[in-house]
Amino acid sequence: FFLFGVMTWNMKNFTSKQIDIPSISLFPIDNNASIDHLVEAITYKTVSNDESGNIDAITFLSFHKFLRRTYPLTFNELSERIFSSYSILLKWEGSSELNKNPILLMAHMDVVPADEVEKWDEEPFSGIVKDNFIWGRGTLDDKSSLISILESLEYLISIGFKPNRDI
C-alpha cells in the first residue's frame with residue numbers, strides 16, 4: 001500500500017524533461033528530386049536475414065554507390081566509417097569549441113524479406129509512385145528515414161551550414 005502511495009505521488013509530480021526548441025520556418029527543397037531518390041532507393045533489394053551469410057553483398061555495395069552518387073556533398077564533407085561489412089557511420093564535425101553533446105541521427109538501409117509477393121498490390125521493390133504513394137519495401141521502414149536524413153544533410157551542406165556540435 002505504501003508503494004502505491006509513493007508511485008501515485010511521483011506520477012502527480014512528474015514533469016517533462018523535454019527541452020523547449022523554437023520552431024523553424026520551412027525551407028525550400030526540391031520535393032521531386034527527393035521523391036526520385038526515395039523511389040530509386042526502394043529498387044535496391046537490400047534484404048537482411050537472420051543469417052549474415054545470406055546477405056547479397058553486391059546489392060548492398062551498389063546501394064552504397066547510389067548513396068555516394070546521390071549525396072556527393074554529404075559523403076565529401078562528413079567522415080565515413082564502414083562497420084559490420086555494410087553499415088555506414090557518417091560523422092559531421094561540429095564547429096564549437098564548447099563541450100556540447102553530439103546529435104545522433106539513425107536509420108537503416110536493410111529491409112526484411114518480402115514474403116507472399118502475390119499478396120502485394122505492387123512489386124515489393126518497384127518503387128513506383130501511384131495514387132500519391134510510393135510503393136515498395138522500405139518506404140516506411142526505414143529507407144524513408146535514411147533518405148530524409150541524407151536529403152537534409154545535403155541541403156544544409158549546400159547552403160554552408162556548420163553544426164555547432166558533432167552529428
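# A guided tour of the predicted model

Begin by selecting Ser 84, which is located in the loop between S1 and S2. The structure on the screen is a predicted model. With a relative accessibility of 62%, Ser 84 counts as exposed. Ser 84 and Lys 65 are separated by 19 residues in sequence, and their C-alpha atoms are 17 Å apart in space.

## Salt bridges

The next stops concern charged side chains. The model contains seven salt bridges. Select Glu 80 and Arg 68, whose closest N and O atoms are 2.3 Å apart in a salt bridge. Glu 80 belongs to strand S1 (residues 79-83) and Arg 68 to helix H3, so this pair ties together parts that are twelve residues apart in sequence. Glu 80 is partly exposed, at 34% relative accessible area, and Arg 68 is also partly exposed, at 31%.

Because Arg 69 lies in helix H3 and Glu 40 in helix H2, the pair ties together parts that are 29 residues apart in sequence. Arg 69 is exposed, with a relative accessible area of 51%, whereas Glu 40 counts as partly exposed at 29%.

Then select Lys 91 and Asp 166, whose side chains form a salt bridge of 3.6 Å, N to O. Lys 91 is in strand S2 and Asp 166 is in the segment after H5, so the pair ties together parts that are 75 residues apart in sequence. Lys 91 is partly exposed at 36% relative accessibility, and Asp 166 is partly exposed at 23%.

## Aromatic rings

Five aromatic pairs are counted in the model. Select Tyr 44 and Phe 63, which form an edge-to-face pair. Their ring centres are 5.3 Å apart, and the angle between the planes is 65 degrees. Tyr 44 lies in the loop between H2 and H3, and Phe 63 lies in helix H3, so the pair ties together parts that are 19 residues apart in sequence. Are these two residues, Tyr 44 and Phe 63, buried or exposed? Both Tyr 44 and Phe 63 are buried.

Now include Phe 66, which forms one aromatic cluster with Tyr 44 and Phe 63. Leaving aside residues up to four places away in sequence, Phe 66 touches His 37, Glu 40, Ala 41, Tyr 44 and Ile 147.

## The nonpolar core

Which residues of the largest nonpolar core touch the most other members? In this core of 22 residues, they are Phe 63, Phe 66, Leu 67, Ile 147 and Leu 150. Helix H2 (31-42), helix H3 (57-70), strand S2 (87-91) and H5 are the elements that give two or more residues to this core. H5 gives the most, with five residues.

## Lysines and rings

Proceed to Lys 143, a residue of helix H5 (residues 143-158). Lys 143 is buried yet has no salt bridge. The nearest side chain of opposite charge, Asp 110, is 8.7 Å away, and a salt bridge requires a nitrogen to oxygen distance within 4 Å. Where does Lys 143 lie in relation to Phe 63? Lys 143 lies over the face of Phe 63, at 4.9 Å from the ring centre.

The charged end of Lys 130 sits over the ring of Trp 135, 5.0 Å from the ring centre.

## Backbone details

The last stops concern the backbone. Select Asp 141 and Asp 142: the peptide bond from Asp 141 to Asp 142 is cis, with omega near 10 degrees. Asp 142 is placed in the loop between strand S4 (133-134) and H5.

Continue to Glu 116, in the loop between S2 and strand S3 (129-130). Glu 116 is not a glycine, yet has a positive phi of about 50 degrees. Its relative accessible area of 46% makes Glu 116 partly exposed.

End the tour at Asp 131, in the loop between S3 and S4. Asp 131 has a positive phi of about 55 degrees, although it is not a glycine. With a relative accessible area of 58%, Asp 131 is exposed.

Terms used: Residues numbered from 1 in each chain as written. Predicted model: local features only at pLDDT ≥ 70, side-chain atom pairs only at ≥ 80, totals over all residues. Heavy atoms only, no water. Helix = DSSP H or I, 4+ residues; strand = E, 2+ residues; numbered from the N terminus. Buried < 20%, exposed > 50% of the residue type's maximum accessible area, 1.4 Å probe, protein only. Lys, Arg positive; Asp, Glu negative; His and termini not counted. Core = buried A, V, L, I, M, F, W, Y, C linked by side-chain atoms within 4.5 Å. Contact = heavy atoms within 4.5 Å. Phe/Tyr/Trp six-rings, centres within 6.5 Å; stacked < 30°, edge-to-face > 60°. Lys NZ or Arg CZ within 6 Å of the ring centre and 35° of its normal.
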